[in-house]
Amino acid sequence: MDIFSKLIAKKFKNIAGDRYEEIAKRYREFLLLPEEFVLPEINSILIPIDRFAHEIPPELYETLEAYAGASVTLVYVSESMAFRMIEQTLGKLEAEKLKIAERTLGEKMLAEIASGLDDIGLRVSKRHIFGSKSDAVIKLAEEFDLLVISRGYGSEITKMSPLSPVVLKIVQHVVKPTIIY
């Protein structure tokens with residue numbers, strides 16, 4: 001009897017009676033298999049940031065210290081749709097001004113966070129891309145072992161909505177391990 005059968009037997013002892021086999025069969029997909037108990041090896045980490053998700057709490061730095069030797073790619077993503085809308089409504093000059101301001105903000109934030117990650121011994125590379133915040137991260141995450149993303153990435157969060165809709169879309173499409181802070 002493996003550990004899962006023992007767990008189910010203990011949980012449903014005197015409750016399910018002779019239905020144990022049926023319960024074990026139906027709920028087996030919800031239980032972790034022994035090979036799923038092994039922590040995945042993490043060599044590369046993707047951390048997308050934007051104007052809504054730029055502060056990394058000290059607890060996250062402590063967690064990331066566990067992946068010493070891993071390379072971290074910090075990506076500041078600017079929403080390209082916003083620039084197109086500004087260009088269509090206010091003109092190309094205003095869109096370019098906004099793009100320059102966004103690039104400056106991104107470079108500043110990337111430098112600040114990279115400094116903190118360098119301090120805990122992680123190798124950090126930085127990128128700034130213009131594109132769809134969700135689609136860009138979903139595509140980039142395929143190349144990494146771990147995704148670390150703020151719950152406020154992509155939009156403001158509120159008490160009623162503690163997780164950004166952009167983050168919700170990303171975690172629904174990414175099959176890599178993910179830390180949401």
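Reader: Why does arginine 51 count as partly exposed?

Author: In this predicted model, the relative accessibility of arginine 51 is 39%.

Reader: What makes the pair of arginine 51 and glutamate 102 a salt bridge?

Author: The closest N and O atoms of arginine 51 and glutamate 102 are 2.5 Å apart. A side-chain nitrogen of Lys or Arg must lie within 4 Å of a carboxyl oxygen of Asp or Glu, so the pair qualifies as a salt bridge. The two residues belong to distant parts of the chain, 51 residues apart: arginine 51 is in the loop between strand 1 and helix 3, and glutamate 102 is in helix 5.

Reader: Why does glutamate 102 count as buried?

Author: The relative accessibility of glutamate 102 is 6%. The limit for a buried residue is under 20%, and glutamate 102 therefore counts as buried. The buried residues of helix 5 also include Ala95, Gly106, Met109 and Leu117. Strand 1, helix 3, strand 2, helix 4 and strand 3 are the elements against which the buried residues of helix 5 pack.

Reader: How do you know that the reach of helix 5 is close to the expected one?

Author: Helix 5 covers residues 92-119, 28 residues in all, and spans 40 Å between its first and last C-alpha. At 1.5 Å a residue, 40 Å is expected. Just after this helix comes glycine 121, with a positive phi of about 90°.

Reader: Why is aspartate 50 called buried?

Author: Its relative accessibility is 0%. Because buried means under 20%, aspartate 50 belongs in that class. Aspartate 50 is placed in the loop between strand 1 and helix 3. Among the residues that aspartate 50 touches are Tyr76, Met109 and Tyr153. A polar atom of its side chain is 2.9 Å from the backbone nitrogen of alanine 53.

Reader: How do you know that aspartate 50 forms a salt bridge with lysine 133?

Author: The closest N and O atoms of aspartate 50 and lysine 133 are 2.7 Å apart, and the limit for a salt bridge is within 4 Å. Since lysine 133 is in helix 6 and aspartate 50 in the loop between strand 1 and helix 3, the pair ties together parts that are 83 residues apart in sequence. Both partners are buried.

Reader: What makes aspartate 135 and lysine 169 a salt bridge?

Author: Their closest N and O atoms are 3.3 Å apart, which again meets the condition of within 4 Å. In the structure as a whole, a search finds four salt bridges. Aspartate 135 has a relative accessible area of 42% and lysine 169 has a relative accessibility of 33%. Both values fall between the 20% and 50% limits, so aspartate 135 is partly exposed and lysine 169 is partly exposed.

Reader: Why do strand 3 and strand 5 stand at the edges?

Author: Five strands, in the order 3-2-1-4-5, form an open sheet with parallel pairing. Strand 3 and strand 5 each have a single partner strand, so one side of each is left without a neighbour in the sheet. On average, and ignoring direction, neighbouring strands are turned by 20° against each other.

Reader: How do you know that strand 4 and strand 5 pair?

Author: Strand 4 and strand 5 share three bridges in the parallel sense, and pairing needs at least two. Leucine 147 stands opposite threonine 178 of strand 5.

Methods
Residues numbered from 1 in each chain as written. Predicted model: local features only at pLDDT ≥ 70, side-chain atom pairs only at ≥ 80, totals over all residues. Heavy atoms only, no water. Helix = DSSP H or I, 4+ residues; strand = E, 2+ residues; numbered from the N terminus. Expected span 1.5 Å × (residues − 1). Buried < 20%, exposed > 50% of the residue type's maximum accessible area, 1.4 Å probe, protein only. Contact = heavy atoms within 4.5 Å. Polar contact = N/O pair within 3.5 Å; in protein donor to acceptor, adjacent residues only side chain to side chain. Axes fitted to C-alpha atoms, helices over the stretch in contact; angles between N-to-C directions. Lists of a residue's contacts leave out its neighbours within four places in sequence.
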